[in-house]
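I would like to walk slowly through one structure, so please have the sequence and the model open while I talk.

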Amino acid sequence: MDITRRSFLTLSAIAGLGVGTLGFSKRLVDLVPLSNRGRKALHPVYGNSNTPEWLRDASTGKMAPNPQWILHHTVDLQCHSECGLRVKIDRKTGRIQRIIGNPYHPNTLSEYTSVSTPLIDTARLPGTVCARGNTGIQSTYDPYRVLVPLKRVGPRGSGQWKPIGWDTLITEVTEGGKIFADTDDPASKDLDILGFRGLYAKRHELIDPNAPELGLRTNGFVLQGGRLVGTRMTFAERFVHTFGSVNVFDHVNECELSHHIAHQHVYSGINMTQPDIREAKFIIYWGTQPGDANFPMQTQGKFVAEARAKPDGLKYVVVDPKLSRGGVVGDRASWLPIKPGTDGALAMAMIRWIIDNQRYNAPYLSCPTLAAAQAMGDLSHTDATHLVIVDPKHAQARSFLTAELAGLGKSHAQDEDDRIVIDAATARPARAMNVKSAQLDFAGKVNGIAVKSSFRLLKEAAEEHTIEQYAAICGIELQRIIELAREFTSYGRQVSSTMYRGVVKHPNGYYNGVAVLLLNLLVGNMNWTGGLTAGGGGYQVKKGRYDIESVPEAENLAKGVIINREKFHYEDTSEYKAKVLAGENPYPPKRPWFPLSSNMYTETVPSAIQRYPYGVDILMWHKATPLYSVPGQGNPVIIDAVKNPKNIPLIIASDIVVGDSSMYADYILPDASALESFALVDTFPTTLTKGTGIRWPAVSLTSKTPDGRYICMEEFFIDVAKRIGMPGYGAKGIPDADGKFWPFNCREDFYLKCVANLAYAKGVEGDAVIDASAQEIAITALDDYHAKFAASLKPDEWPKVMGCLVRGGRFQPYTGARKGDQLAYQYTKRLHFYAEKTGNTRNSMNGEFFHGTTRWVEPTTALGKPLDKLDDPKDWPLTIITMKGALQSHSRLVSNYTLREINPSNGVQMAAEDAKRMDIANGDWIWVVTPEGKRRGRAVVLEGIRPGVILFEVGYGHWAYGASNYQVGGKRVLGDAVRRAGIHLNPIMRRDPDVWQMSLMDLTGGSVVFYNTKARLEKETANV
Ligand code: SF4
C-alpha cells in the first residue's frame, strides 16, 4: 500500500507511541508547513499575518508583550553564520510562527542592543535574518522528518525500514551480536556485530602491535560529523574520547580547510581573519562576494552596503570566475573574472609589482619584534627580516637561524625573538630582540651558513615569473593587475585582501591562500581601524563554574592516529620505517597522510573501506552526507562498498531525515533540528567585539525516551555511556569548580552548565548580563523550563543563566569595537612570511618538502601530474565550479519549500560566448560530461561568468532527503519531485587517478578540490 508523506507521519507517530508520549494528531498539525496556504485569508486586509509580538498602548505609547506569543532567542544553523534568531511561538499550540533576527546579536543589527537592555525595550528593534534564516521553520517542520528510531529491514540502501523503540536501539547497538538476523539481507544476517560494549572492552588493546602509533582498538568507533559546531562538538568529543577513540571530526576539509591552514601559516593559532568592513576604504574579495557564502553572510552583505554608501566609503573588487550579487559593478565595485584556481598567480603578480615598485610598508616590515614595532607606533610585526637557513645540506635547513648557529651565544629555544636578523644600523647579524630595525631584503652567509630573510624568499618566489606570465596564467590583463596592486597600496592601513572557498578548493589551494593573505602583511593592516582583524572572539564556556570537558578517569585514554591520517607524519609510522629498513622506497603510501591538516572528512569512507590505516567497526554519521557532498564520492563503486557490511559492519546515522547518505545506514537515530538543539557558538571575526550565542531548543518534535527526554544525538551518547559503564556519565558526571561532581543524565545537565560558565565568565565593560526579570521570564516561558531542569544548576545561578537564555547569548556592546584608529582587540603574535613548520614537512606521496613560503604552484594530481595533462583541454574545454547561493547554499535546504518556490531548480550556468559557440540556448537540455560520468541539466546562459567556466549551484539534484520513495513498516513513503529537481555534479567530479577513490586534493592544506574538474557539454540530441 502506498501512503503519502502526511500519512507516514501518522505512522511514525503511532510507531513512536511505544517510546514517547507525544500524540500524533498534535504532531501532524505541527508538521504541515505554511498551514494557511490555499485557504481563504483570515482577514481581508492583513491576510493570514500573525498578530504582532508587542502591543502598543495608543494613549501612552508604551509597549507591552502580546500574551499570545512566546519569544525565544536562539542561534540559526541554516548556514554556518550563526546568526541570532528571535523565534515567535504560539503559546497555545507550541508551534513556531515566525523567525526574525535577535536584536541582541551582533550579526543581525549593525548597532545591536546592549545585553543590559530589558527585553521589552527591544520591541522597536527588530534584527534581520536572510531568506534562508527566515525559512528555517520548514527545516524543523519538514514532512519527511524522522521522529522515531528506524532500523533497516532489507539490504543497506534498499529503502526498507521499520520503526523501533529506544530501548531496542540502545540494546542492539550496545550489545551487538547477530542484530541483523531479523533483516531480509543475506549479506548481514549471520554477521556477528561488535557493538559499543564489545568494542569498549578492547580499550586497552592495540589495533596493531606492529604499529603502536595507530593506537587502541576503540579507534574502531568513528564519528563523522557534518554539523557539529561549538559546544555540540564538545559534547561529541567528550563521549568519543571517553570511549577511547580519537575519531571525532567535522566536515571542515569539505568546505574550507586550506583557508584555515593558510591562515595558520600567516597568523599562527587562528583560522580566520576578516576586514573591518565598516571603516575600510578598499577590500579585495577573493573567491567570495559580499552577500554570498562567508562568515557571517548576511552581516557582511549589510556592512558592505553601509560602507559603500558613505560619501568617501568603501570600494571593493571581487576576484571570482562568476559575477554574483555581491560583485555588482559600479563606481565603487568591480569584478575580475579570474580563471579558476589561479588566484595564487594573480596574488604573486601583485606581490611582485608591489615589491618591484617599493609600494610595501618598509618601516613596518623592518621591525623584527613586537616591541620594536610598538616603539614606532605600530600594532603588529612580521618575520620579514628573520633569517632562514637555505643551504639544503645543512642539518637545520629550512629552519630559522638561531643565535647558537649564528655564533652569537646560547639560544633560548623558547623565545622566538631569539631569531637572528641583520641589524640595519650595523649591517651585522644580531638577535632580533636587540634590534630596532633590520634589513628586509637579505641573502648571504652568517657564520658560514647560507641564509635569506623571509622577505627575500617571498621576493624570489614572486620573481619566478614575470607579471606578463602571471597575467597569462590567471587570465587577467597586465594593466588591470598593475592598477589593482597600485590601488591596494594607496589607502594606508584601511585595506584588506580577504578570501574564502574559491581561492583554496584546488590542489594548489594552500599556496593560493597564503599568497592572498600575504598582501595584507605588505601593507601592515593588522589591528588598524579599517584594516584586518582576528575579531573579538568568544567567552570561556567550557570551564569556570563547571568543567564540562574533562573526565578524569578517562584522561589520555584516546590515543593514536585518526582514521583520515591527519596531524601525523607518514615518516613517523611503523609502515614507513619498515619499508626503509627493508631497503624499499617508502613513497608513496596507499593513501596520503596530512600532517598539517585536521578534519579530513572526505577521506573517512574510502579509508574505512580500504582499512588504511585500519578498519572501522562502528561508523556514525552525524548529519553527515559524504555521498552527496564529497566531490566524486557518490559513485557506484563507493556506494556498493558502503552497502557491503563486511567493509563497515555497523553504520548508525544521526539525522533528521532519510538523507542521501543516511539511506545507506543500518539505523537512523532521529536527531534534533537546529531549532530543537543546543550549542554555544562564538561570533566570527567580522564582529569586532566579544560574543557567544546560545542555540537552545525553541521546540521539540522528536519522540521521547521512556523517561521523557527528547531523542537526539546527545541522549543516545548518554544512554550508551551509562549502559556500558563509561565514566563521566550518570551520577558522577560533571565536576564543578569545587571538585563536586554533578549528575549527567540529560543534555541539559551539560548545556546549562555551559550557559552558567558563559554567564559568569570574566567580562569587559558593559557586557554583564542582567538577571532575567519576571516579565522576561514570562515572555520567554522560562518559568516552566526552570522548573523542569532546576537540578541541572545551583539555585543561585539560575537568574543569571536565564538572563543569558532570554537574550540568546552574551555580547559585548558594539561601542567597544575600536579605539580611534586602532581596533580594540588586537592580534599580537608574529605574522609569518615564512612557515617553518610547512617548510619542514614532507609531501607523503613523494617525500619532497612543502614550500615554507608561497609561490605560484601548478595544480596536479597526488603524484604530480599537471591537471591539464591529465585531462587535455582540447577534449575537456570547460572547468566546473560551484556556487553557494543566497537561497540554496546547503544540501539540507531542499526541505525549505518557500526557497524552492523562488528558485525551483538550478541549471548549468555558462557564458553567453560559450553558449553561442556551442549553439546552446538558454533553457536547452544539455549533458555535462566529465571523465567520471555525465549528468543532464538545463542550460542557463549568462554574461556574468568567465568563458570556459560552467557553474552549478549546490543543494539540488537530491536522490533522497524526501526526493525518492522508501518504505517504513511495509508502507511506502512517496518522494517529492520538487526535491529531485535540478542538477548535482558532485558525483561526477574528478577523482585522483593516483589514489583509489580519492577526490582531487590539496595535499598541503588538506582541502578537497571542487573547482578543477574538466568537462564538455553536449546537447541532448547528441549521442553521448
Ligand atoms: S546568514 Fe542567513 S542562513 Fe546563515 S545563519 Fe544568518 S540568517 Fe541563518
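This is a predicted model: local features need pLDDT of at least 70, side-chain atom pairs count only at pLDDT 80 or more; totals for chains, interfaces and linings use all residues.

Let me begin with Arg-917, which counts as exposed at 56% relative accessibility, where exposed means over 50% relative accessible area, buried means under 20%, and partly exposed is what lies in between, with a 1.4 Å probe and protein chains only. Residues are numbered from 1 along each chain as its sequence is written, and side-chain values use heavy atoms, with hydrogens and water left out.

Which residue does Arg-917 pair with in a salt bridge? The partner is Asp-914, and the closest N and O atoms of the two are 2.6 Å apart; a salt bridge here is a side-chain nitrogen of Lys or Arg within 4 Å of a carboxyl oxygen of Asp or Glu. Both residues lie in helix 31 (residues 912-918), three residues apart, which is about one turn of the helix. Helices are DSSP runs of H or I with at least four residues, strands are runs of E with at least two, and both are numbered from the N terminus. In contrast to exposed Arg-917, Asp-914 is buried, with a relative accessible area of 2%.

Lys-88 forms a salt bridge with Glu-53, their closest N and O atoms being 3.5 Å apart. Since Lys-88 sits in strand 5 and Glu-53 in the loop between helix 2 and strand 2 (54-56), this pair ties together parts that are 35 residues apart in sequence. Are these two residues buried or exposed? Both Lys-88 and Glu-53 are buried.

The other pair is Arg-278 and Glu-306, with 3.2 Å between the closest N and O atoms. Here, too, distant parts of the chain are linked, with Arg-278 in the loop between strand 11 (274-275) and strand 12 (282-286) and Glu-306 in helix 10 (residues 297-309), 28 residues apart. Glu-306 counts as partly exposed, at 31% relative accessibility.

Leaving aside residues up to four places away in sequence, Asp-423 touches Arg-428, Ala-430, Val-435, Ser-437 and Ala-438, where contact means heavy atoms within 4.5 Å.

Let us turn to helix 14 (residues 454-462), where seven of the nine residues are buried, so that this helix is largely enclosed by the rest of the structure. Among the buried residues are Phe-455, Leu-457, Leu-458 and Lys-459, and what covers the buried residues of helix 14 includes helix 11 (343-356), strand 19 (449-453) and helix 18 (509-523).

On a 1 Å grid over the protein atoms alone, a cavity is a set of points where a 1.4 Å probe fits but cannot get out, a pocket is an open set with protein on both sides within 12 Å along at least five of seven lines, and lining residues have an atom within 4 Å of a point. Grid points are joined across faces, edges and corners, and a volume is the space filled by probe spheres set on the points.

About 870 Å³ of space lies in the second largest pocket, and of its 33 lining residues the closest to the centre are Pro-697, Ala-698, Val-699, Ser-700 and Tyr-785. Helix 26 gives the most to this lining, with six residues.

How many cavities of 30 Å³ or more does the structure hold? There are five, and the largest cavity has about 300 Å³ of space. Of the 25 residues that line the largest cavity, the closest to its centre are Gly-287, Asp-320, Thr-882, Met-883 and Tyr-1011. The second largest cavity has a volume of about 90 Å³, and the closest to its centre, of 13 lining residues, are Asp-76, Cys-79, Ser-81, Cys-83 and Cys-130.
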